[in-house]
Amino acid sequence: MLTNNTHAALAGVTRVYPAAAGHGEVHALGPVDLTLARGEFFTVVGPSGCGKSTLLEVLAGLSPANAGNTSFEGKTVEGRVPEGVGVVFQEDASFPWLTVWDNVAFGLRRAGADPAEVERRVRDAIAFMGLKDFARAYPAQLSGGMRQRVCIARTLVLRPRLILLDEPFGALDAQTRLLMGDELLRLWRETGATVLLITHALDEAAMLADRVGAMSARPGRFIDVVATGWPRERDSRIVARPEFGALTGRLWELLRGESIKALGHATGGRADGMQA
Amino acid sequence: MSAAACSSRRLGWLRTGLIVGALAVTETLCRTGLISKQVLIPPTEMAASLGALLRSGKFNDDIAQTLGCVAAALALAVIFGFACGVTLHALPRLRRALDPLLATYYAVPFFVFYPVLISFFGLSRGPVIVIAFLFAVVVMVINTLNGLDRIPRVLTKVARVHHMAPLDTAFRIKLPAAAPHLFTGLKLAVAYTFIGVIASEFIMASSGLGFQIAYTYNNFDNRTMYALMLFVLALVTIVNMGLHVWEQRLLARRGGR
């Protein structure tokens, strides 16, 4: 339901990919309804191939919906990424030909920002993401996690009001993911932006979110949206709380059947045998 | 010094040693008469002869003509090859139709067109430039296509997030992302252009380094012939080494990406 506090919303959104080279059309998503409140941290979990990334791309305006309506700040999202939306992708999207500094400054320079303003904001974003000592390095000289931080800084420097993250820590080890999650929570608190994060890690989803949306196997729909009840001031230490275990347990309970179904799709139905 | 730098240095010494060794063996074989001076002159004499030729300025016009033809053919091949590559990349159906032709292109002996080109352009620089262009252009087309094919899709999504227009995306994202492949195309095009120009001058020119090498060969002027051959080899090696060093710097910065 749309309220005054609604920042972005999907209403009855469906995405079907057309048939291509030997494959029939793929009904990837929906119909999906989702309302993101201003300043909310929302995470999406679901089985592999359930349409999580498709949902993000539709919300970002990178992929058209076949049905339904997508809106951001009350305006319909159609065919282009709205001003004020920043996207961090799962893959390394840093520009290998630019230094960390130039990567982060890319969007501001394109927008024709004043050089002194660019300097100040880039310096702040780089410091915020802990990349100060690597400002003159090229992405190839950084670890995967640091490159992802470059991409987050490149998004952050533009001060988006809605930040969409598609499994940004997917390639990182568990400890680094927890620490990156802390950084992300700090960023969220300090910027006041609305955040939607796609992940396949239940613990990550449970730790970061105000609400977690659990999706079904393809075509992806929300089977439940779970409010975590965490305080705004939180960090990765909440994983030690008993409620955290109960929360991830509940999410797994929701997703187990869907994951088996998704595995069945992938293995041509052999997952049924596994279940037995 | 890092282990990689040490290893690279050792390889450099080994490479230099092999070249110096080969030159020393050739020098010895020539000096001891095991190879007749009518067949091959000692490398030191080639170098001395080349020095004298360059000082005399006798072949300055030929050098200028050959380098002018290389520059013209290379510029045409790079610009036309790049434009064709970009066009074919944007038109997949046309590309699929042309793919077999591009794959078998280098099986065509371009020199069979030499009478036709002479009829069109006369005994001028025209046919030389056209043959060299034909040699180099497709390698540029193929490498442009390779480069554009390998641009990560996520980078074009980033361009859309930054609201970049197609031309802006092409120049700020696609071109730099494809640069290593374009550079490979350029490097190969330089080599193919030199081959095309020198070989064409052998048979369809009345001046230029290729013509002079053929002319001195026909007149048993071994000293001049070898001096000119050494000049061509040194020039091509220096140009390619320069490009190689540039490419290595570019790739090192990108960590091979």
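Strands β4 (residues 67-72) and β5 of chain A pair in the antiparallel sense over two bridges; strands count as paired if DSSP finds at least two bridges between them. S71(A) stands opposite T76(A) in β5(A). Helix α1 (residues 52-60) of chain A packs on this sheet and touches β1 (6-17), β2 and β4 of chain A, its direction making about 120 degrees with that of β1(A). Contact here is a matter of C-beta atoms, placed from the backbone, lying within 7 Å. Helices (H or I, at least four residues) and strands (E, at least two) are DSSP runs, numbered from the N terminus.

Zooming out, the open sheet has four strands in the order β2-β1-β4-β5 (chain A), with antiparallel pairing. Its edge strands are β2 (26-37) and β5 (75-76) of chain A, each pairing on one side only.

## Ground rules

This is a predicted model, in which local features need pLDDT of at least 70 and side-chain atom pairs count only at pLDDT 80 or more, while totals for chains, interfaces and linings use all residues. Residues are numbered from 1 along each chain as its sequence is written, and chains are lettered from A and ligands numbered from 1 in the order in which they are written.

## The six-stranded sheet of chain A

Chain A also has an open sheet of six strands, ordered β6-β7-β8-β3-β9-β10, and here the pairing is mixed. At its edges stand β6 (85-88) and β10 (222-227) of chain A, each with a single partner strand, so one side of each is left without a neighbour in the sheet. From one strand to the next the twist averages 15 degrees. As for angles, they run from 0 to 180 degrees between N-to-C directions, and axes are lines fitted to C-alpha atoms, for helices over the stretch in contact.

At the β10 end, strand β9 (residues 211-215) of chain A runs antiparallel to β10(A), joined to that strand by five bridges. V212(A) is the residue opposite V226(A) in β10(A).

Most residues other than glycine have a negative phi, and most peptide bonds are trans. Two spots in chain A are worth a look on that score. The peptide bond from R218(A) to P219(A) is cis, with omega near -5 degrees, and P219(A) is found in the loop between β9 and β10 of chain A.

R159(A) has a positive phi of about 50 degrees although it is not a glycine. You'll find R159(A) in the loop between α4 (144-156) and β7 (162-166) of chain A.

## Chain B at a glance

Chain B has ten helices and zero strands. Its C-alpha trace spans about 70 × 60 × 30 Å along the principal axes.

Eight residues of domain 1 of chain B are in contact with five residues of domain 2 of chain B. On the domain 1 side, that contact has three nonpolar, two polar and three charged residues. The classes are simple: Ala, Val, Leu, Ile, Met, Phe, Trp, Tyr, Cys and Pro count as nonpolar, Asp, Glu, Lys and Arg as charged, and the others, Gly among them, as polar.

## Helix packing in chain B

Two packed helices are described by the angle between their axes and the distance between the axes. For helix α3 (residues 60-90) and helix α6 (residues 125-149) of chain B, the axes come within 6 Å and cross at roughly 35 degrees. The crossing of α3(B) and α6(B) is right-handed; left-handed means the near helix is turned anticlockwise from the far one by less than a right angle, and right-handed means clockwise. Residues of this contact of α3(B) with α6(B) divide into 23 nonpolar, five polar and one charged.

Helix α9 (residues 209-218) and helix α10 (residues 222-254) of chain B have axes that come within 8 Å and cross at roughly 155 degrees. That makes α9(B) roughly antiparallel to α10(B) (under 35 degrees counts as roughly parallel, over 145 as roughly antiparallel, 65 to 115 as roughly perpendicular and the rest as oblique). Their crossing, α9(B) with α10(B), is left-handed.

## Where the chains meet

The contact takes 15 residues from chain B and 13 residues from chain A. On the chain B side, α7 (153-161), α8 (166-204) and α10 of chain B each give two or more residues, and α7(B) gives the most, with six residues.

Key
Two residues are in contact if their C-beta atoms, placed from the backbone, lie within 7 Å.
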